Amino acid sequence: VLIIGAGTAGPALALALKRYGHDVEIFERAEPASKTGVWEPGDVGGGFTLFPNFQRVLKRLGVLGDLTPDAIHLDHVDYLRLDGTLITHWPVFNKDSELRMFGTLRSSVAKAISSAMGKEGVIVHAGKRLVAIEQPTDGTLGVRAVFEDGTSAAGDILVGADGVNSATRGILFPEVKPVRTEYVGYLGVSEHGGELLGISNSSLTFLSDVATGRGTWASLAAPGRSAWCMFEARKGGEIVLDGAWQATADVASESSTLAEMAERWGLPDWFRQMIPKANRIIPVNFSYLEPMASWHKHNCVIIGDAAHAVVPFAGNGAAIALEDTEALATLLSKLPDNPQRAFELLYEIRASRTYAVSKEAITIGERSHAPSKFAGQVGNLVMKVMSFATRMLGRNFNLEWITEYDSHQATLDTLKKHGISPSVAPLPAPPPPAGAGWVALAVASGVAAALATLAVKLAAASAMQAWAAEAAVRGTAMAVANVVMWTLFTRALAAAPSSAHALVVNSGANLCFALFRWSIDCLMTIRQMAPRTS
């Protein structure tokens, strides 16, 4: 297997394929980072947020344990205005308590994967810029990659994992070009030696001004190191880059420019203090790819940003690229003699999800630049309501479809659907089946909600009659019923197949109890109105 690109997805795919018994070689256009000529990823890129879906892939690759000792546990997200005043505080809940959200560096992930890959004997050929691909069109295996230096390499199949400006995609699908958004940004990594001033050690912090489309995010990514980004809407003002996601050569000059920009934007002191301490700054144009009808041609396929580049507003671009590698490695290992069928199934499994994540990221970016001040205020209000609901329900219902996804299980499910035995790889431990317990919890929470409503009416009646003591007792009963209701309801949500299931049962129980109480009231009224007989 020939893999083009030694960023994150390429080495992850190589590691997985090597462990399945495939022969793999990687070809990277960048020159070796070390003088020995041996490929090393080096200190490149900005920060990564490791959501559970990202961690599941890293865990099955066997490298997660190498990352977590120095990664920073992030248990909440803070949304602030550009001047640092708080909009809302958003807690992070994970269904799998072992897979908490972490902040780390892209370079740390790349080094961990490359180190494991090197131990498996995978060779990385550096300084190889792909210029042509030769392959048969009659369905037989075989491909030849031709490089700018005049050398070439032959294999059975070729995988392009070479990023948003993919040379592989340019050869296979020359009509597909990255779409520029209105945003440009600057990623940075700073050495500050201690707690990040102004924000919590466990916070992923966003600052934004929706009126101007300006914003930042920042978090600790390793002990004494922070990862951050500054971005702004700049229509027609894209940054001229030599390559995608390449660090600027003159960090001092770039950091001086960004420090002036941060002061002009009115950013808080703690953020401005990070910029002069940057050891690398990466200018980027926020780009994405429109959905493609296919990711392969004959014996070649593209994955990751080469197939579905995502703007960095959803924090999942690298994660879904690694999901691709896990799915493709499983499929190729199950269908070694029919890679084209494996490529077709890869698209079936991955395309709808990856393009949905990309669309969500684009939507988030559009919300970050509101058409009016009123629209921005409405957006902030919606964000506050959603964060309140998250705290009350104890789950990140708006993000779970992205962060709780299991790419390995999705691949196995598709293999089963097509009548292909999925026994190529061990199944991850399945979640415990949802039993009837959540139904009882949801019913009980509905009854508690109805009792709370009844207590409100009784307390109000007592207050109107100036029965202060009785009103206080009934008001206390209302508060207790509410606490009981929310406790039972959050536990029901945790055990239910989905929040919709729990909400329907809760509402049904509330309605049934209300109808029962109403029928009792009717019977009592009829009895009081009935004529008495002597």
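Biologist: In this predicted model, how many of the 11 residues of helix α1 are buried?

Modeller: Helix α1 spans residues 9-19 and is mostly covered. Among its buried residues are A9, G10, P11 and A12, together with L13, A14, L15, A16 and L17. The number of buried residues in α1 is therefore to be read against the cut-off of under 20% relative accessible area, and it comes to 9.

Biologist: Which elements do the buried residues of α1 pack against, and which residue with a positive phi follows the helix?

Modeller: The buried residues of α1 pack against the strands β1 (2-4), β2 (25-28) and β12 (158-160), and also against the helices α2, α4 (106-119) and α9. The helix is followed by a residue whose phi is positive, near 100°, and that residue is G21.

Biologist: Which strands are the edge strands of the open sheet of 6 strands?

Modeller: The order of this sheet is β8-β2-β1-β12-β19-β18, and its pairing is mixed. An edge strand pairs on one side only, and here the two are β8 (123-126) and β18 (296-297).

Biologist: How is β18 joined to β19, and which residue in β19 is the bridge partner of H296?

Modeller: Strand β18 and strand β19 (residues 300-302) run antiparallel and are joined by 2 bridges. For H296, the bridge partner in β19 is V301.

Biologist: Is H298 buried, partly exposed or exposed?

Modeller: H298 has its place in the loop between β18 and β19, and its phi is positive, about 60°, although H298 is not a glycine. Its relative accessible area is 29%, so H298 is classed as partly exposed.

Biologist: Is H308 buried or exposed?

Modeller: H308 sits in helix α8 (residues 305-308). Leaving aside its neighbours within four places in sequence, H308 is in contact with L289, W295, I320, A321, D324, T354 and Y355. Because its relative accessibility is 0%, H308 counts as buried.

Biologist: Which residue caps the N-terminal end of α13?

Modeller: Helix α13 covers residues 407-417, and its buried residues include S407, H408, A410 and T411. The buried residues of this helix pack against α2 (52-61), α9 (317-334) and α10 (339-367). At the N-terminal end, a side-chain oxygen lies 3.1 Å from the backbone nitrogen of H408, and the capping residue that supplies this oxygen is D406.

Biologist: Which residue just after α13 takes a positive phi?

Modeller: The phi in question is about 75°, and the residue that takes it is G419.

Notes:
Residues numbered from 1 in each chain as written. Predicted model: local features only at pLDDT ≥ 70, side-chain atom pairs only at ≥ 80, totals over all residues. Heavy atoms only, no water. Helix = DSSP H or I, 4+ residues; strand = E, 2+ residues; numbered from the N terminus. Buried < 20%, exposed > 50% of the residue type's maximum accessible area, 1.4 Å probe, protein only. Contact = heavy atoms within 4.5 Å. Pairing = 2+ DSSP bridges. Polar contact = N/O pair within 3.5 Å; in protein donor to acceptor, adjacent residues only side chain to side chain.
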